[in-house]
Amino acid sequence: MSAFQIALDRQRWAPGETVSGVVTVAEPLKSRTIEVFLNYREETDDYKEIGWSAGSGPLHEGRAEAGQTLRFSIQLPPDALPAHQSANGRLYWEVDVKSDERGLDTHGRFALDVQPARLMA
Amino acid sequence: MTGLADLLGLRRTNAFGVSISPGQVERTGMVAVTVAVWQQAAIVGEGFDLGLVCTEAYDFTSHSYSSSYGSSSRRVTAHATAYEQWQPLDRTQPTQSCWFQVADWAPFSYRGSALSYTWEIIAREHRSGDFDRVAEQPLWVLP
């Protein structure tokens, strides 16, 4: 089970729009800070890279309690690309909720649907 | 940027050439291609055709073993054709015009660290037992 739950204000987003939603902390965390990132990821069988990323800035500082909610908003770039899957790799968007902690950080990663503007009209 | 000709070791030619308009197109959009044949006598291969090709470049880990150095692994880039459409050309025509439509499900142009998609229009003279001769133009495909 993820340490976070997320509720986006919409299911589908267009380039240049501001993605917004609410993160709910699902379990107590010894966080130093909690921040949300939008990542455009590249993935092959052996490698994962981040092609573009933007963060919300710290939404919370210090220990986090279960049930705590954090609202965030992050703007997509105007030339944001959609997802694509091919035979040997894929490109996709994710919302990464990161709890910065001593030792290993805790992440909650969620799919984000970004479509070309011409398909959103 | 590595094109299909470089990947396949094809030979570029001065016997024919291609030009395209526009150089950037959205998926589902049309690309106009003009093929000019400058040296008809130099086109001696069995086939002469025109392609719209997207090449996928993807990184993977290559593992190897040698008795001297033991196991090793390194990051390498492989290539595969992600999309292609071909149509025949007439070598006797000094110029000919063709159209391609980019499929809505095809990849869009992308240059990444582990994964890239590169598009080009390529005119190809196929020669059995010899390197194909090619002329190409890059194309940028938007989502």
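## Chain B and its strand β4

Please keep in mind that the model is a predicted one.

- An open sheet is built from three strands of chain B in the order β2-β4-β7, with antiparallel pairing.
- The edges are taken by β2 and β7 of chain B; each has a single partner strand, so one side of each lacks a neighbour in the sheet.
- On average, neighbouring strands of this sheet are turned by 25 degrees against each other, direction ignored.

**How the strands pair**

- Six bridges link β4(B) in the antiparallel sense with strand β2 (residues 16-21) of chain B.
- Across that pairing, Ser21(B) lies opposite Ala32(B) of β4(B), and Ile20(B) lies opposite Val33(B) of β4(B).
- With strand β7 (residues 95-101) of chain B, β4(B) pairs in the antiparallel sense over seven bridges.

- Ser21(B), which stands opposite Ala32(B), is joined to Pro22(B) by a cis peptide bond with omega of about -5 degrees.
- Pro22(B) itself sits in the loop between β2 and β3 (24-26) of chain B.
- In the loop between β3 and β4 of chain B you will find Thr28(B), whose phi is positive at about 80 degrees although Thr28(B) is not a glycine.
- Thr28(B) has 12 other C-beta atoms within 10 Å, so Thr28(B) counts as exposed, the limit for that class being 12 or fewer.

**Chain B as a whole**

- The secondary structure of chain B consists of one helix and 10 strands, and along the sequence the pattern reads α-β-β-β-β-β-β-β-β-β-β.
- The C-alpha trace of chain B spans about 60 × 40 × 20 Å along its principal axes.
- Chain B has 143 residues, of which 31% count as buried.
- Among the contacts in chain B with a separation of 6 or more, 68% come from residues 24 or more positions apart.

Methods: Residues numbered from 1 in each chain as written. Chains lettered and ligands numbered in written order. Predicted model: local features only at pLDDT ≥ 70, side-chain atom pairs only at ≥ 80, totals over all residues. Pairing = 2+ DSSP bridges. Helix = DSSP H or I, 4+ residues; strand = E, 2+ residues; numbered from the N terminus. Buried ≥ 20, exposed ≤ 12 C-beta atoms within 10 Å, placed from the backbone. Contact = placed C-beta atoms within 7 Å. Axes fitted to C-alpha atoms, helices over the stretch in contact; angles between N-to-C directions.
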